[in-house]
Amino acid sequence: MKFTLSWLKEHLDTTASLSEIADKLTMIGLEVEGVEDKGKMLAPYVIARVVEARQHPNADRLRVCMVDTGDGKPIQVVCGAPNARTGMKGVFAHAGDFIPGKNLVLKVGEIRGVKSEGMLLSAMEMGLGEDHDGIIELPADAPVGTPYAAWAGLGDPVLDINLTPNRQDCAGVSGIARDLAAAGLG
């Protein structure tokens, strides 16, 4: 059974952390099979606007983009996405951020003689899907500089428990909340 932490907290008044809740669930016989926390994985990424996109001087399929990440200092990025253009908004990763879809830590680099200090991301690169045909395009009203996970509503962890046949009382979130409260977590 899967449920979000916020849904559980609608039924359980607690200040316990996600790990404390997961540990207590396992202790009371509701084995936690997994916790998916996309918000934690996507925490470093911010909404950015492409201030300028021009043709790369040494490559036909690359663009050199100046990207506003909300701190007032444009960052230069070499981008191979076909949809990169001036004025668009997307998701930006700084040098040093982990890119889960590529399993790498982003570094400042030089691509065909032009410095690149970050990356505009596709859904595949963020681990959110298989689409890697271009960078994610966000609506015009997306607030530049805002963390992407919070804006997209991806900050709510999902818990997955193994519900055994003898625990029908926990087939709903209210039953799980009742058991956690009885175990001292709320």
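Q: So which residue in β12 is the bridge partner of Phe3?
A: Leu159 is the bridge partner of Phe3. Keep in mind that this is a predicted model, where local features need pLDDT of at least 70, side-chain atom pairs count only at pLDDT 80 or more, and totals for chains, interfaces and linings use all residues. Residues are numbered from 1 along each chain as its sequence is written, and side-chain values use heavy atoms, with hydrogens and water left out.

Q: How many bridges link β1 and β12?
A: They pair over 3 bridges, in the antiparallel sense, with β12 covering residues 158-161. Strands here are DSSP runs of E, at least two residues, and helices are runs of H or I, at least four, numbered from the N terminus. Two strands pair if DSSP finds at least two bridges between them.

Q: What's the strand order in that sheet?
A: β1-β12-β2, an open sheet of 3 strands with antiparallel pairing. The edge strands, each pairing on one side only, are β1 (2-4) and β2 (32-36). On average, neighbouring strands are turned by 20° against each other, direction ignored.

Q: And which helix packs on the sheet?
A: Helix α2, residues 18-27, touches β1, β2 and β12, and its direction makes about 165° with that of β2. Axes are lines fitted to C-alpha atoms, for helices over the stretch in contact, and angles run from 0 to 180 degrees between N-to-C directions.

Q: What does Leu25 touch?
A: Skipping neighbours within four places in sequence, Leu25 is in contact (heavy atoms within 4.5 Å) with Phe3, Leu30, Glu31, Val32, Leu159, Ile161, Ile176 and Leu180.

Q: How many residues are in the largest nonpolar core?
A: It has 18, and Phe3, Ile21 and Leu25 are among those with the most contacts inside it. A nonpolar core is a set of buried Ala, Val, Leu, Ile, Met, Phe, Trp, Tyr and Cys residues joined through side-chain atoms within 4.5 Å, buried being under 20% relative accessible area with a 1.4 Å probe, protein chains only. The helix α6 gives the most to this core, with 4 residues.

Q: Switching topic, what's the order of the sheet of 5 strands?
A: β5-β4-β3-β6-β11, open, with antiparallel pairing. Its edge strands are β5 (75-79) and β11 (118-120), and neighbouring strands are turned by 45° on average, direction ignored.

Q: Which residue in β4 stands opposite Arg49?
A: Asp68 does. Strands β3 (46-55) and β4 (63-68) pair over 6 bridges, in the antiparallel sense.

Terms used. Buried < 20%, exposed > 50% of the residue type's maximum accessible area, 1.4 Å probe, protein only.
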